[in-house]
Amino acid sequence: MKQIITLLTILIILFTTSINATVWRANNRPNLDADFTTLQDAIDGASNGDTLYIGGSTTAYGNGTFNKQLVVIGAGYWLAENATTQAYKEESQVGKLIFNVGSEGSIIEGLHISHGTGSFNLIEININNITILKNYINCRNTYTYTIYGIRIIGNRPNIIIKQNWITT
């Protein structure tokens, strides 16, 4: 009986946590009403478990350092090549992404990740349990140094990297 009560308590906590998750919008297009205009502001303003939608734009959203679990969903990529996909053909372009302690369970999807200011790694993973899905990771640069698309620091279990387009 005690095990059933413990299990029910855990399920109620998990269910309550998912109910309280908020969806935020980041968009830096002129004259649009959005919650945030940069990726880092959206990360800082969100709470653990929230979802961030990053709108397509001609202006990049900048770098982002994650210290909480978030789901980040961009507009996708190659939208101009596919006429019926979106109202706007711009991608959700971001710079360097860093995943630190507290961001376990984060998911990023549909972003165009390109070299940010002073970055040698486009995605740096310093923690376990990160999912990187369906992103365009652009490692091309005009500099003479090497850019790593995804750099996993240490032995990190449960890193899922799936269905991404990575250029070198």
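Predicted model: local features only at pLDDT ≥ 70, side-chain atom pairs only at ≥ 80, totals over all residues.
Two strands count as paired here if DSSP finds at least two bridges between them.

I traced an open sheet of four strands, and the order reads β3-β6-β9-β12. The pairing is parallel. I looked for the edges and found β3 (64-66) and β12 (148-152), each pairing on one side only. From one strand to the next, the twist averages 10°.

**Entry 2, β3 against β6.** How many bridges join β3 to β6? I get three, with the two strands running parallel. I also noted that F66 stands opposite F99 in β6.

I looked up the salt bridges next and the count comes to two. In one of them, the side chains of R29 and E90 meet at 2.8 Å, N to O. R29 sits in the loop between β1 (23-26) and α2 (39-45), and E90 in the loop between β4 (71-74) and β5 (93-94), so this pair ties together parts that are 61 residues apart in sequence.

Buried or exposed, I asked of R29? R29 is buried, because its relative accessible area is 19% and the cut-off for buried is under 20%. E90 has 22% relative accessibility, so I put it down as partly exposed.

E124 lies in strand β9 (residues 121-125) and K96 in the loop between β5 and β6 (97-99), so parts 28 residues apart in sequence are tied together. I checked burial here too: E124 and K96 are both buried.

Methods. Residues numbered from 1 in each chain as written. Heavy atoms only, no water. Salt bridge = Lys/Arg side-chain N within 4 Å of Asp/Glu carboxyl O. Buried < 20%, exposed > 50% of the residue type's maximum accessible area, 1.4 Å probe, protein only. Axes fitted to C-alpha atoms, helices over the stretch in contact; angles between N-to-C directions.
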